[in-house]
Amino acid sequence: MRLLVIANLASGLGEGVMYDFMRAFAEDGDEIIIRYSDGQTDLRTFLADADKFDAVVASGGDGTLSMVAYLLADTGIPIVPLPAGTANLLTLNLCSPSEPHAVAQMLREGRIMDFDLGEVTLQDGERSGFMMMAGAGYDASIMKDAEGGKKLWGQMAYFTSAVTNATPQVARFALTLDGEDVSCEGVGVLIVNFAKIQFDVPVIHENKPRDGMFDVVVLRTKDAFGLIPALITAILDKSGDVPTRTDAFSVFQAQSVSVAADPALPMQFDGEATDHLTPFSARVLPRAARFVVSEECVRTYS
């Protein structure tokens with residue numbers, strides 16, 4: 001088997017996970033090519049010949065996996081998620097193992113599934129992809145403030161940041177959802193493809209990342225404390241028995257979304273804080289990302 005490994009050395013666990021995976025996977029005749037990035041290199045150059053490989057292994061955090069998936073959209077090239085970041089939420093949502101030996105076994109078993117991918121267009125025309133969520137407002141502020149503490153505190157850095165940002169900016173949102181205009185007020189907007197966030201909490205009740213639709217969530221509160229009832233409901237909903245998210249969340253569905261905010265708000269893609277501000281638009285690329293998956297993933301999303 002011929003593998004291309006894209007390794008982001010800036011991720012939380014570095015290269016140790018990658019080498020453990022390769023030792024567990026490699027058999028006589030296998031060829032594994034490693035291309036390193038420090039998080040700054042344009043991955044397009046690394047993936048130019050990806051079609052010459054049987055699969056691409058993305059070793060890093062959610063940002064690395066999403067970028068690889070976006071650059072390989074609609075190519076049919078299988079991607080193997082090898083989590084080496086802080087939250088690794090895409091791995092969680094895909095029901096994929098995190099232990100390198102288990103990832104190697106999953107690849108040998110060879111199950112694949114195609115999932116929706118999101119594409120964002122910014123106000124300057126720049127485009128980017130996301131697998132999990134794109135957001136503006138409160139969530140982006142949390143991601144930004146958590147950056148410095150992720151390596152030391154892990155996922156607890158997000159909780160600390162959420163407490164620190166207890167009174168986020170309230171904005172007036174103008175949304176366009178498949179051509180229909182919606183106006184509302186709140187502290188943030190989430191464009192959701194996969195729904196589970198930190199600590200295995202589902203933002204929405206039922207997530208279908210293969211249906212060609214986004215779930216669009218408006219956080220309709222004045223402060224962070226107003227989200228606590230919705231958070232408690234989401235925690236209780238792990239069993240799938242609590243469909244509502246209280247009045248703190250307004251949930252819509254759409255294939256294409258435009259978001260404007262007054263005042264303009266910061267943005268994040270898949271947990272990566274950016275310097276970009278609203279407005280932006282997003283569209284679904286139906287089943288454009290192909291992943292090597294676990295048996296549990298097949299049961300969950302078939």
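Which residue is the bridge partner of Ala134 in β16? The views below take up this pairing and its surroundings. The model is predicted, so local features need pLDDT of at least 70 and side-chain atom pairs pLDDT 80 or more, while totals for chains, interfaces and linings use all residues. Residues are numbered from 1 along each chain as its sequence is written, and side-chain values use heavy atoms, with hydrogens and water left out.

**View 1. Strands β7 and β16 run antiparallel.** Here is the partner: Ala134 is bridged to Phe269 in β16. Three bridges join β7 (residues 133–137) to β16 (residues 266–269). Strands are DSSP runs of E with at least two residues, numbered from the N terminus, and two of them pair if DSSP finds at least two bridges between them.

**View 2. β16 and β17 form a hairpin.** These antiparallel strands are joined by three bridges, and Phe269 has Glu272 as its bridge partner in β17. Two residues lie between the strands, and Asp270 takes a positive phi near 50 degrees.

**View 3. Thr274 sits in β17 (residues 272–277).** Its relative accessible area is 18%, which counts as buried (under 20%, with a 1.4 Å probe and protein chains only). The Thr274 side chain reaches the backbone oxygen of Met267 at 3.0 Å and the backbone nitrogen of His276 at 3.1 Å. Leaving aside neighbours within four places in sequence, Thr274 is in contact (heavy atoms within 4.5 Å) with Met267, Gln268 and Phe269.

Terms used: Helix = DSSP H or I, 4+ residues; strand = E, 2+ residues; numbered from the N terminus. Buried < 20%, exposed > 50% of the residue type's maximum accessible area, 1.4 Å probe, protein only. Polar contact = N/O pair within 3.5 Å; in protein donor to acceptor, adjacent residues only side chain to side chain.
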